[in-house]
Amino acid sequence: MRALRDHELAVSQLRRSYAAVPSDQPVRLAKRTSNLFRPRSAPRAPGLDVSGLGEVLAVDPVARTADVQGMCTYERLVDATLTHGLMPLVVPQLRTITLGGAVTGLGIESTSFRNGLPHESVVELDVLTGAGEVVTARPEGEHADLFAAFPNSLGSLGYATRLRIELQPVRRHVALRNVRFSSLTELTAAIGEITATRSWAGQVVDAMDGVMFSPDEAYLVLGTFTDDADAVSDYTGQDIYYRSLRRRGQDALRTYDYLWRWDTDWFWCSAAFGVQHPVVRRLWPARWRRSDVYHRIVRLEHRHQVAARIDRWRGQPARERVVQDVEVPLERTADFLHWFARRVGMTPVWLCPLRLREPAGEGSARSWPLYPLRPGQDYVNIGFWGSVPIAEGAADGDVNRAIEHAVSEAGGHKSLYSDAYYDRESFDRLYGGETWRAVRDRYDPEHRLTGLYEKAVARA
């Protein structure tokens, strides 16, 4: 009961802070961390007070559900559910991603080939709308339109204050098989087989992702939940997880360590800060080997441009940030990866198979209008994060525009947490503009919240 009272007080404070924002000023959350890579204009008004909305309210181990506040991080959520032998159906790979953020901004991980995206395990959610009201949205009923349009709305339709999500049972360890492929065509064929059968070489597959180091060297990492493991690895110290794929055919991790295996080195991006050098790694405190620490360093660089100034002093060309996650249909994935290797050339690249979640029993997966992946279609999420030199005569953004075009040509979509360059007509076609406007007009009639296009492309 105390948790519920505290939650009601936190929601009341959020509503008061919303009412205090001048009507001509943009509405922003007042929070210390972010996993966005979209630079935004500096706010002039105080942000929304979400300081009391970061907890797990309740876990029901019988119903296998959890009631969670919108600003609760997955790190805190997993800590609460694992004590019951449960975990969310999809746990995004970075500790400080919030549940509300993963639902309104999308998320993905290695169970997505069977469980879809985080918003597909939401049973109901409370949303602070642009009208300053809190409504409870469910798949059916009065606010079903908001429930369907909320995923990928990026705060343009409101902010989740509470979500009830489904959970799944999990075991103490995850046994891993690191399967190498020298052909991307063979790799994508294997993804299709595993997605259809939930198995590979006679063993159950509960989790699947992978890494492409080059078109002729790629790996699928196949995970099986188990209580039995002779020995488990630790990639929070000197050893670096992604490098292990090349030297170990089999591996095992504690389930907790498996869920955060990518966070310690921000996949492989910690190399940009020297943290993978053995000497630096020994000196760099373990508590700083976290994605949110690296992200704060990146934000400081965006603000002060220290590295960019050094590059100019050395006569190096300016660089374009290429930080994207894109979903490409499985049958077009090999072609896209070959194109990406030729045109962009960044490695490694993360691979995460995805299929919209299909309900138990008969019936097909539902579609989500603001991120309209096709039900029944296998996709591969391809993640690449870094920068490339801007070629002579090219403009900043040209590489990202080429990627956007290639993804659209392949029948895919890209996430909107980073730079986007679409014109409004293309954006509306790809991201459910007509549906978004109808829902916005109903729940935010004065249009107080920043629009989806303005957030994602105009960086408002």
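This is a predicted model: local features need pLDDT of at least 70, side-chain atom pairs count only at pLDDT 80 or more; totals for chains, interfaces and linings use all residues.
Guide: Residues are numbered from 1 along each chain as its sequence is written, and side-chain values use heavy atoms, with hydrogens and water left out.

Visitor: Why is Arg-162 called buried?

Guide: Buried means under 20% relative accessible area, exposed means over 50%, and partly exposed lies in between (1.4 Å probe, protein chains only). Arg-162 has a relative accessibility of 10%, and therefore counts as buried. Asp-126 also stands at 10%, so Asp-126 is buried.

Visitor: What makes the pair Arg-162 and Asp-126 a salt bridge?

Guide: A salt bridge requires a side-chain nitrogen of Lys or Arg within 4 Å of a carboxyl oxygen of Asp or Glu. The closest N and O atoms of Arg-162 and Asp-126 are 2.8 Å apart, and the pair forms a salt bridge. This pair links distant parts of the chain, 36 residues apart: Arg-162 lies in strand S8 and Asp-126 in strand S6 (residues 122-128). Strands (E, at least two residues) and helices (H or I, at least four) are DSSP runs, numbered from the N terminus. In general, side chains of opposite charge can pair when their charged atoms come close.

Visitor: Why are Arg-357 and Glu-166 called partly exposed?

Guide: The relative accessible area of Arg-357 is 21%, so Arg-357 is partly exposed. Glu-166 has 27% and is therefore partly exposed as well. Their side chains meet in a salt bridge at 2.9 Å, N to O. Arg-357 is in the loop between strand S16 (349-354) and strand S17 (379-389), whereas Glu-166 is in strand S8, 191 residues apart.

Visitor: How do you know that Asp-419 is buried or exposed?

Guide: Its relative accessible area is 2%, so Asp-419 is buried. Asp-419 meets Arg-321 in a salt bridge of 2.9 Å, N to O. The structure holds 33 salt bridges. Those that share partners join Asp-67, Glu-124, Asp-126, Arg-138, Arg-162 and Arg-164 into one network.

Visitor: What makes a set of residues a nonpolar core?

Guide: Such a core is a set of buried Ala, Val, Leu, Ile, Met, Phe, Trp, Tyr and Cys residues joined through side-chain atoms within 4.5 Å. The largest has 86 residues, of which Leu-125, Leu-146, Trp-268 and Phe-427 touch the most other members. Strand S8 (residues 159-169) gives the most to this core, with four residues. A second, separate core of 35 residues includes Met-212, Leu-220, Val-322 and Val-388.

Visitor: Why is a space called a cavity?

Guide: On a 1 Å grid over the protein atoms alone, a cavity is a set of points where a 1.4 Å probe fits but cannot get out; lining residues have an atom within 4 Å of a point. Grid points are joined across faces, edges and corners, and a volume is the space filled by probe spheres set on the points. The structure holds three cavities of 30 Å³ or more.

Visitor: Which residue classes line the largest cavity?

Guide: Its lining has four nonpolar, three polar and four charged residues. Ala, Val, Leu, Ile, Met, Phe, Trp, Tyr, Cys and Pro count as nonpolar, Asp, Glu, Lys and Arg as charged, and the others, Gly among them, as polar. The lining residues include Arg-95, Ser-233, Asp-234 and Trp-260.

Technical notes: On a 1 Å grid over the protein atoms alone, a cavity is a set of points where a 1.4 Å probe fits but cannot get out, and a pocket is an open set with protein on both sides within 12 Å along at least five of seven lines; lining residues have an atom within 4 Å of a point.
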